[in-house]
Amino acid sequence: MRRRGFLALFLAACGAAGVLSAVLVAAAPSAGADTGTTGTVTTGTTTTTTTTATTSTTTTTTPKPPKPAATIPLGVAIAGTLVGGLTPAQAREEVQAGFRRPLTVLINKRTFKVTPAQLGASAYVGDAIKIARVSRPGRSIALKVKVPRTKVEAWLRGLAVKWDRAPVDSRLLLRHSTPFVTKDVAGRKLRVVAGRKAIVVALWTHDRTPIRLTFEPLRAAVTRTSFGDVIVIHRGQNRLMLYDGMKLTRTFGVATGQSAYPTPLGHYEIVVKWRNPWWYPPSSDWAKDAEPIPPGPGNPLGTRWMGISAPAVGIHGTPDPASIGYSASHGCIRMRIPEAEWLFDHVEIGTPVYIVPS
């Protein structure tokens, strides 16, 4: 009995010692842990120290950007328009009013007004106001502008329709049986591309200085100097007059058509030139039994033929100089052979020929 009682007492003592060790191990602080509140616990005859950990939390607050001022800082200007001290709404009205100012376009002595809206231009006013609200005092802010070039060109071409002028060529007329060449008139064409560039730059830079449009001169294709030789045949006087434009250079005696075969009146031109021509009988009663005649002394055309645009009619030499000054031919214009050769060398195909009655 004593042994059993001693053994029970021994086991109880060992158990108590184990509990105490566990409590001490749990109470020991670990390396790197936060230091908390320390307390003392007394159990029976044993004093136990306990520690309660505390955690420290840090909160970081991001500062908010300052709110834009109710008015735009003093001295701030948008595209040259002073908006400092104004509310955004007031500044918008001022800037829009400045942008809406019309452009002045000058053509010769005429003045035209055109607004940016008519040209399809628009300004980014809202973006400029946003920048102005947070700008430093006295800052100058650009105003971005959008300009459709095609619409500007369309407006200019509308002006060109009224102001462009085609050149007028000189014309050859006959006044009082004398050649008269009208004066040519230069034309003009509006320089649309140059005008478009000037207008676009003015809108981009907000410049309202008057813009002067210019013209490209257009020269006439035919001028007074374009005309050279002109032949006028006076049927009633049997004279051929050669002009250089409007200046008389030489006069020749000729023979023209008989009353039965008159030389035709009108405006013609030389269409063919032959040296030493053959004579072929025309389709006419007076030549129905005739045979072709080769070049030579007996050829009725002489040595030169200058056919005009009137059918079967020409200017030619003749072996019968006695007929000169009379209405003796079958419709052609006869000349002395040396004079016909001289004229042949001085006129070209296309030379105008006027045949007048007097």
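Two rings of Phe, Tyr or Trp count as a pair if their centres lie within 6.5 Å. Keep that rule in mind while you look around this structure, which is a predicted model. By this rule the count comes to four aromatic pairs.

Let's start with one of them, F252 and W342. Their ring centres are 5.8 Å apart and the planes meet at 45°. Planes under 30 degrees apart would be stacked and over 60 edge-to-face, so with its 45° this pair is called tilted. Now find the two partners along the chain. F252 sits in strand β17, residues 247–253, while W342 belongs to helix α6, residues 337–346, so the pair ties together parts that are 90 residues apart in sequence. How buried or exposed are the two? F252 has a relative accessible area of 1%, so it is buried. W342, at 28%, is partly exposed.

Another pair is made by W278 and Y280. Here the centres are 6.0 Å apart and the angle between the planes is 20°, which makes this pair stacked. W278 is partly exposed, with a relative accessible area of 41%. Y280 has 52%, and because exposed means over 50%, Y280 counts as exposed.

Next, zoom in on T318, found in strand β21, which covers residues 314–318. Is T318 buried or exposed? Its relative accessibility is 4%, so T318 is buried, since the cut-off for that label is under 20%. A polar atom of the T318 side chain lies 3.1 Å from the backbone nitrogen of D320. And which residues does T318 touch once you leave aside its neighbours within four places in sequence? They are P300, G302, S323, I324, R334, M335 and I337.

Now for some empty space. Rolling a probe the size of a water molecule over the atoms shows where such space is left. In this model the largest pocket has a volume of about 510 Å³. It is lined by 23 residues, and the closest to its centre are W279, P282, L301, A312 and C332. What kinds of residues make up the lining? There are 16 nonpolar, five polar and two charged ones.

Finally, step back to the whole chain. It has six helices and 24 strands. Of its 358 residues, 33% count as buried, F252 and T318 among them. If you take the contacts in the chain with a separation of 6 or more, 60% of them are between residues 24 or more positions apart.

How values were computed: Residues are numbered from 1 along each chain as its sequence is written. This is a predicted model: local features need pLDDT of at least 70, side-chain atom pairs count only at pLDDT 80 or more; totals for chains, interfaces and linings use all residues. Side-chain values use heavy atoms; hydrogens and water are left out. On a 1 Å grid over the protein atoms alone, a cavity is a set of points where a 1.4 Å probe fits but cannot get out, and a pocket is an open set with protein on both sides within 12 Å along at least five of seven lines; lining residues have an atom within 4 Å of a point. Grid points are joined across faces, edges and corners, and a volume is the space filled by probe spheres set on the points. Ala, Val, Leu, Ile, Met, Phe, Trp, Tyr, Cys and Pro count as nonpolar, Asp, Glu, Lys and Arg as charged, and the others, Gly among them, as polar. Helices (H or I, at least four residues) and strands (E, at least two) are DSSP runs, numbered from the N terminus. Buried means under 20% relative accessible area, exposed over 50%, partly exposed in between (1.4 Å probe, protein chains only). A polar contact is a pair of N or O atoms within 3.5 Å; within protein, one must be able to donate a hydrogen and the other to accept it, and residues adjacent in sequence count only if both atoms are side-chain atoms. Contact means heavy atoms within 4.5 Å.
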